[in-house]
Amino acid sequence: MELQEILRFADEVVFSNTGNHLDDLQQAILRETFQGRKYAKIAEDRNCSEGYVRGAASELWKILSEVLGEDVSKVNVRGILERAKFYNSYSSAIEKNYGTVNNVNICQEKTRSHSPTPQPQETPNQPHMDLGDAPEIFIFYDRTTELATLENWILQQNCRLIALLGITGIGKTTLALRLIEQIKTNFHYIIYRSLRFSPTLNATLTNLLQIFPQQADIPQNTEAQISQLLNYLRQHRCLIIFDDLQMLFASGQLAGQYKTGYEDYQLFFKLIAEVNHNSCFLLNSWEKPREIAKLESSNSYVGTLLLGSLGLAAKEILKYRKLSDEETWETLIHTYQGNPLWLDLTASTIQELFGGSVANFLQCDAPILEESLQAQLDQQFQRLTQQELAVMIQLAKESEPVALPDILKIVGLSVSDLVNVMLSLKMRLLLEVEQESKTSYFSLNIVLKEYVKNRSYPKQ
């Protein structure tokens, strides 16, 4: 298949799903990758740093992974695009019937063999909304693709349990609250609750049951409470959002392990996924629940959406902050991983100390981590085990991505322990992973690398 034909198809499929065409750098990365060029060569030809190209490439692979429904990397991108173009040309009828897979969309109608849930009564135009202590959203930056994906999973695929995952500051809460505005007329009840203070399941269920018209007293027994809530979920179509799910997990243990006394949440979420009803739970977390990882492989009503870089839409943040040197904004966005909170905190620093000049700020050798940004990362890193910290410290020292055998030689862990640590760090969304020649290479993004260096080796 001709190179230009594949590039044209890649641009078309990205545009049709995101509303944005591939930019010049993204097209150059695809073109040069197809020809076997290294990132260093691409950077040299375009007079920019290899790290900048590598960051742009990582974002491009994420975009293509979301659009094409497969894990796209430098090694496999051409084969996946060629196969996708073939199926796009000859299997349009199949795609119309079964839909396009996005991210980890496992909510496909074709996998279901049991009878559908009886539909609840028709939803009202104005649902009962109880958003509790949800923050007020003043500004929303473009997440068109993610909103469309969640709307499809919830309204068309009838997913019962969805994990919305992303590192701190990436915009999970904002996206969930914007989603409510977009699809609220499809529900009888919409409920938002933050789990930041780690309520027990009994307390959470009691709180939820108080919202519904009481046909009977609220039971004290957790099992009876779950049964009563499931009945309500069948009678009424509900959208229930649990934010800050990671606060139920234990610190100092591998990712996704519940605190002592909170293990019944795991059974509760399993029942939500498996029992017949027409409602949906959306779980926001910066740490992937282990039960979700198990359920999504076999249950078509469970899905995971990983929230990544805001991309060029993040320019709106810099425009709002009235920063100058717009030609350098893409570099700043790539450096701070398109993370809305990280960029906003950094933009404030640029305003106060660099006269609003992004160009002057970027003259600093390393990314500057404003104190509030470090505090955000502290919350996440305080949860790591000593073994996880040891691996993070080692990865922060590496100038290039490294393979598992190389890490094993340095950190002094058994193979089993290292594998578990790497899986845990991946569940915490702290690792960058690249595939080349059937080998996985691991690294930290530039912000996390700088944070770990400062945290591990504080300057005197």
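The protein exposes about 21,600 Å², of which carbon and sulfur atoms supply 48%; accessible areas come from the Shrake-Rupley method with a 1.4 Å probe, and for residues only the protein chains shown count as cover. This is a predicted model, in which local features need pLDDT of at least 70 and side-chain atom pairs count only at pLDDT 80 or more, while totals for chains, interfaces and linings use all residues. Residues are numbered from 1 along each chain as its sequence is written, and side-chain values use heavy atoms, with hydrogens and water left out.

Of the 460 residues of the protein, 50% count as buried, where buried means under 20% relative accessible area, exposed over 50%, and partly exposed in between, with a 1.4 Å probe and protein chains only. Among the contacts with a separation of 6 or more, 74% come from residues 24 or more positions apart, a contact being heavy atoms within 4.5 Å. The protein has 21 helices and nine strands; helices (H or I, at least four residues) and strands (E, at least two) are DSSP runs, numbered from the N terminus.

Six strands form an open sheet with parallel pairing, in the order β1-β3-β4-β5-β2-β6, and two strands pair if DSSP finds at least two bridges between them. At the edges of this sheet lie β1 (128-130) and β6 (302-306), each of which pairs on one side only. From one strand to the next the twist averages 10°. Strand β1 runs parallel to strand β3 (residues 189-194), joined to it by three bridges, and H128 stands opposite Y189 in β3.

A further open sheet has three strands in the order β7-β9-β8, with antiparallel pairing; its edge strands, β7 and β8, each pair on one side only. The table lists its pairings.

Strands β8 and β9 form a hairpin with two residues between them, and S437 in the turn has a positive phi of about 50°.

Two packed helices are described by the angle between their axes and the distance between the axes. Helix α19 (residues 404-411) and helix α20 (residues 415-427) pack at an angle of about 115°, with their axes 11 Å apart; axes are lines fitted to C-alpha atoms, for helices over the stretch in contact, and angles run from 0 to 180 degrees between N-to-C directions. The crossing of α19 and α20 is right-handed, the near helix being turned clockwise from the far one by less than a right angle. In this contact L404, I407, L408 and V411 of α19 meet V415, L418, V419 and M422 of α20. By class, the contact of α19 with α20 has eight nonpolar, no polar and no charged residues.

How does V419 count in terms of accessibility, and why? V419, found in helix α20, counts as partly exposed because its relative accessibility is 33%. V419 and L404 are 15 residues apart in sequence and 8.4 Å apart in space, C-alpha to C-alpha.

Definitions and conventions. Nonpolar A, V, L, I, M, F, W, Y, C, P; charged D, E, K, R; others polar.
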